[in-house]
Amino acid sequence: SQPVALNRAERNLKPDIKKAQLYKWLSSRDKASAARVLDIRDEVSKWLPKVATFFPHYRSHVFDHSDRIIEQLSRLLFVRSKPVTPFSTAEVYCLLCAAYLHDIGMVVSPGDAKTILASEPWKAFVGTGGKGHESYQKYVAMHGGLVLDNRETTEFLADQSLRYLIAEFVRRDHHERGKTTLELHRFLRQLVAFETIGDIAVGHGLRDSELADDNRFPEERDVFDGKVNVRFMARLLRIGDLLDMSSKRADPMAALAVAPLPADAEPHWQQYSAKKHENITPKK
């Protein structure tokens, strides 16, 4: 089956972060923090398109995905302009920043790929018993099966299969890798509440039991003039990420551009085709 076609409403959907209740709430209380969120959005807009270098076979992870996370959380957490649970300005600022930065670890440079291929975690990943072992063996067989009459085709397909395998290796731990990436980025490293934003971004990809770590994910942490429930913000980011169910992320034209999709990527494009109606409120 083909990825679900866009309906008219979704084709015209252009998320406007300034209209989202979470952003409006922050802006009404701390215009400087709200302005920093927009600066981060602008900076990340230069970075996240590079996700497609190693993840062309995955749905959109550019900043419009983050815009929609913020839209969905606004629907979940507000009745009109009133929040259904109390927030500090520090919490909303950190949550908005983390929404834009949570997938930054999915950007892989050629230098990163070289480092990954020489690493011990990669060797464990492709070794006997590793999650990538079977796919790696197929790559080895393909690369070793080069013959003169189809050498270029086979080399191309082998290279593509290795890139997909690197992508799968990175995707599994992109949340942890993201904080390391942030630390290397000069502009983002200067963020107010950098550590807390990084922890919330990391937390969106962890199991619930891992969020019980009171050192990394405390329920109270002092951030400038307020308290931040790091654990709750990480859970909200996770929920918002999962609620980005727009079929815009599975654009059939984009799917054709990277076809044929590998088998493990197809569910990521097909999963929204059964959605008939969406209603997100604090009650449901």
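**Entry 1**

I began with Tyr 136, which is partly exposed, with a relative accessible area of 24%. The model is predicted, so local features need pLDDT of at least 70 and side-chain atom pairs count only at pLDDT 80 or more, whereas totals for chains, interfaces and linings use all residues. Residues are numbered from 1 along each chain as its sequence is written, and side-chain values use heavy atoms, with hydrogens and water left out.

I then looked up Trp 122, which is buried, with a relative accessible area of 4%. Phe 125 is also buried. Trp 122 and Tyr 136 form an edge-to-face aromatic pair, 6.4 Å centre to centre with 85° between the planes. For such pairs, the ring centres of Phe, Tyr or Trp (its six-membered ring) lie within 6.5 Å; planes under 30 degrees apart count as stacked, over 60 as edge-to-face and the rest as tilted. This pair links distant parts of the chain, since Trp 122 is in helix H7 and Tyr 136 is in helix H8 (residues 133-144), 14 residues apart.

**Entry 1: Other aromatic rings**

I noted a count of seven aromatic pairs. The rings of Trp 122 and Phe 125 have centres 5.8 Å apart and planes at 45°, so this pair is tilted. Trp 122 and Phe 125 are about one helical turn apart, because they lie three residues apart in helix H7 (residues 120-126). One aromatic cluster is formed by Trp 122, Phe 125, Tyr 136, Tyr 139 and Phe 169.

I also recorded a charge over a ring: the charged end of Arg 36 sits over the ring of Tyr 93, 5.1 Å from its centre. The rule asks for NZ of Lys or CZ of Arg within 6 Å of the ring centre and within 35 degrees of the ring normal.

The 22 residues of helix H9 (residues 151-172) should span 32 Å at 1.5 Å a residue, and the end C-alpha atoms are 32 Å apart, which agrees. The expected span is 1.5 Å times one less than the number of residues.

I checked helix H13 (residues 230-242) in the same way: its 13 residues reach 19 Å from first C-alpha to last, close to the 18 Å expected. The buried residues of H13 include Val 230, Arg 231, Met 233 and Asp 241.

**Entry 2: Ser 66**

I found Ser 66 in helix H4 (residues 63-77). Ser 66 is buried, with a relative accessible area of 2%. Leaving aside neighbours within four places in sequence, Ser 66 is in contact (heavy atoms within 4.5 Å) with Ala 99, Tyr 100 and His 102.

**Entry 3: The chain and its confidence**

I counted 15 helices and four strands in the protein chain; these are DSSP runs numbered from the N terminus, with helices (H or I) of at least four residues and strands (E) of at least two. Buried residues make up 48% of the 284 residues.

The mean pLDDT (the predictor's confidence in each residue, from 0 to 100) is 80, and 74% of the residues reach 70 or more. Over residues 1-14, pLDDT stays under 50.

How values were computed. Buried means under 20% relative accessible area, exposed over 50%, partly exposed in between (1.4 Å probe, protein chains only).
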